[in-house]
Each structure stands twice: as structure tokens, then as C-alpha cells.
Amino acid sequence: MIVKKLSVSLALVLVLSLLFAGCTGTQQSGQSGNPAPDFSLKSATGETVSLSSLRGRVVLINFWSTTCQPCVQEMPHFEELHQEWQNRNDVKMLMINTGESAAVVKNFLDSRNLTFTVLLDEGVKIAQKYKVRYTPTTLIVDKNGIIRQSVAGAFRNKAAIEKFAAPYLAE
């Protein structure tokens, strides 16, 4: 009986570890080279943004949620980058919140003084289109609308995000 309980406990710990690893790992996705599915989403401030309207720019897309601790930890790095990139015409950063209401997201943004554009994927349909399995997941879409790179996992600092995006900004 003790061995059975121990086995169940170890199995539970293993499953939870794997789920958590998905939220903090840096796995590459198999989407590179494919056209980015177009979408149109409302932002937390009510404006509608479509990916196709950004053609000609490099687009950094980050799928996240307020309940994912690694997502929350990387938000200040994205805010720093947003402050640097907001006046550039060659790149746009879209933070796509998955599965949460506008009220929850706005409260989160306000409480942390985050000013970047957040789009709401309340039904998680866009995340499904992009085959996002873990949050955070970040993608680079090139100027022609092709997914160039996709990584699941949190960035440790702003420099890591810049390194991720730099090869595509130089094109």
C-alpha cells in the first residue's frame, strides 16, 4: 500500500514537473518557414489589430497569461523593449493574452505599469491556430508574413529577446 501511494505521488510529481517545464523551457517549434495565420483581435484598450495590417514589418508575437509565472517574470523585459521599439516602423510587438477577460488583463497591466499592446485571445482560437502548447511562446514573423522562429519558454532578460529578434530585424 505504501509503495502504491509512493508510485502515485512520484507519477504526480513527474507530470507536474513536465507541465511546469513546458512553461519555462526553451523548446523550438516546428512552425518555422510556414506562413503566419492571419488574425484580427481586439486589444485590451478596445482597438482591433490584424496581423495582415502589419505586413512589411517584422512582428514579434508573444502568447502569455497572467497565471503563468514565467510569463509574468518576462513582462518587464518586454516593456523595456516596447519603450525602445515603439517609434520604429520596421518592427511591431504583439502580446497575445490567452484565455483571460479584458478586465483581468487590464488590471494586470495597470498594476504593473505595462504599456505595450495586448491582444485578447479569450477563446484561445489564435493560440490554437499557431499550435501554441505552452505559455509563454514567442514567435518572429518576417516582413513577408513567414514564421521565422518560435520558442516556448521565458526570456531571462531584454538582451535575450533582442538576440532572438536581431537576425530578422537586420534583413
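Start with the order of elements: from the N terminus, color the chain and follow α-β-β-β-β-α-β-α-β-α-β-β-α. That comes to five helices and eight strands. Both are DSSP runs numbered from the N terminus: helices are H or I with at least four residues, strands are E with at least two.

This is a predicted model, where local features need pLDDT of at least 70, side-chain atom pairs count only at pLDDT 80 or more, and totals for chains, interfaces and linings use all residues. Residues are numbered from 1 along each chain as its sequence is written, and side-chain values use heavy atoms, without hydrogens and water.

Next, show the surface. The protein exposes about 9,200 Å² (Shrake-Rupley method, 1.4 Å probe). Carbon and sulfur atoms supply 55% of that area.

Now go inside. Select Leu 60, Phe 78, Trp 85, Met 95, Leu 109, Phe 116 and Val 118. In the largest nonpolar core, of 29 residues, these touch the most other members. Such a core is a set of buried Ala, Val, Leu, Ile, Met, Phe, Trp, Tyr and Cys residues joined through side-chain atoms within 4.5 Å. Elements that each supply at least two residues of this core include strand S4 (58-64), helix H2 (69-85) and helix H5 (158-169). H2 gives the most, with six residues.

Zoom in on Phe 116. Beyond its neighbours within four places in sequence, Phe 116 is in contact (heavy atoms within 4.5 Å) with Met 75, Phe 78, Glu 79, His 82, Met 93, Met 95 and Leu 109.

Last stop: a second, separate core of 19 residues. Select Ala 36, Leu 54, Val 59 and Ile 61, which are among its members.

Conventions: Buried < 20%, exposed > 50% of the residue type's maximum accessible area, 1.4 Å probe, protein only.
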